[in-house]
Amino acid sequence: MNVQTIALSPADIDRLGRVIANRLASQPLLVDAVELAPLINVSVETVKRYTKSGLIPCVRIGRRVLYQPEAVIWALIEATANGNGGDDE
């Protein structure tokens with residue numbers, strides 16, 4: 001797979017985060033990994049890996065692991081801005 005890398009300034013990342021967050025505002029409050037994966041453009045396996053590593057926040061209700069899409073987007077933006085983001089997808 002050929003992946004193209006682009007450089008984003010902190011202002012670009014902030015604007016992108018706001019656009020994505022606004023779009024996600026109409027999404028359900030909590031989603032599972034299958035629903036989250038296409039929203040952040042990664043595989044379900046990557047969502048689970050990010051969860052296990054603590055990169056993205058989740059809510060555990062019994063055996064279910066759920067995500068607030070907006071919180072996940074902001075966590076990924078912050079991790080990317082700090083150089084700690086996932087690089088595999």
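1. Let me start with burial: of the 89 residues in the chain, 29% are buried, where buried means under 20% relative accessible area, exposed over 50%, and partly exposed in between (1.4 Å probe, protein chains only). Please keep in mind that this is a predicted model, in which local features need pLDDT of at least 70, side-chain atom pairs count only at pLDDT 80 or more, and totals for chains, interfaces and linings use all residues. Residues are numbered from 1 along each chain as its sequence is written, and side-chain values use heavy atoms, with hydrogens and water left out.

2. Next, the layout. The chain holds four helices and two strands, arranged along the sequence as α-α-α-β-β-α. These elements are DSSP runs numbered from the N terminus (helices: H or I, at least four residues; strands: E, at least two). Taking the contacts with a separation of 6 or more, 58% join residues 24 or more positions apart, a contact being heavy atoms within 4.5 Å.

3. Now the core. The largest nonpolar core has 17 residues, and L36, I40, V47, I56, Y67, V72 and L76 touch the most other members. Such a core is a set of buried Ala, Val, Leu, Ile, Met, Phe, Trp, Tyr and Cys residues joined through side-chain atoms within 4.5 Å. Two or more residues of this core come from each of α2, α3 and α4, with α4 giving the most, five residues. In soluble globular proteins, nonpolar side chains tend to be buried together.

4. Helix α2 deserves a look in your viewer. Its buried residues are A33, L36, A37 and I40. They sit on the same side of α2 because they cover an arc of only 110° around the axis, the arc being that of the directions from the helix axis to the C-beta atoms. V34 and P38 are exposed on the other side of α2, while the buried residues of α2 pack against α3 and α4.

5. Which residues of helix α3 (residues 44-53) are buried? They are T46, V47, Y50 and T51. These residues span an arc of only 140° around the axis, so they lie on the same side of α3. The face turned away from that buried side carries the exposed residues E45, K48, K52 and S53. The packing partners of the buried residues of α3 are α2 (33-40), β1, β2 (64-66) and α4 (69-81).

6. T51, in helix α3, is buried with a relative accessible area of 12%. Leaving aside neighbours within four places in sequence, T51 is in contact with I56, C58, R60, V65 and Y67. With neighbours within four places again set aside, the contacts of Y67 include L29, L30, A33, L36, V47, T51, I56 and V72.

7. For anyone checking backbone angles, there are two positive phi values to note. N41 has a positive phi of about 60° although it is not a glycine. Most residues other than glycine have a negative phi, and most peptide bonds are trans. N41 lies in the loop between α2 and α3 and counts as exposed at 66% relative accessibility. G54, which follows α3, also has a positive phi, near 85°.

8. On charges, the count comes to two salt bridges, each defined as a side-chain nitrogen of Lys or Arg within 4 Å of a carboxyl oxygen of Asp or Glu. D12 pairs with R15, with the closest N and O atoms 2.5 Å apart; these residues are three apart in helix α1 (residues 10-24), so about one helical turn separates them. D14 pairs with R18 at 2.9 Å between the closest N and O atoms, and being four residues apart in helix α1, D14 and R18 are also separated by about one helical turn. D12 is partly exposed at 28% relative accessibility, as is D14 at 30%, and R18 is partly exposed at 48%.

9. Finally, the surface. L29, L30, V59 and I61 make a nonpolar patch of about 340 Å². Patches are made of residues with over 30% relative accessible area and no salt bridge: like charges are joined within 9 Å, nonpolar side chains (Val, Leu, Ile, Met, Phe, Trp, Tyr) within 5 Å. V59 belongs to strand β1 (residues 59-61) and is partly exposed at 34% relative accessibility.

Conventions: Accessible areas come from the Shrake-Rupley method with a 1.4 Å probe; for residues, only the protein chains shown count as cover.
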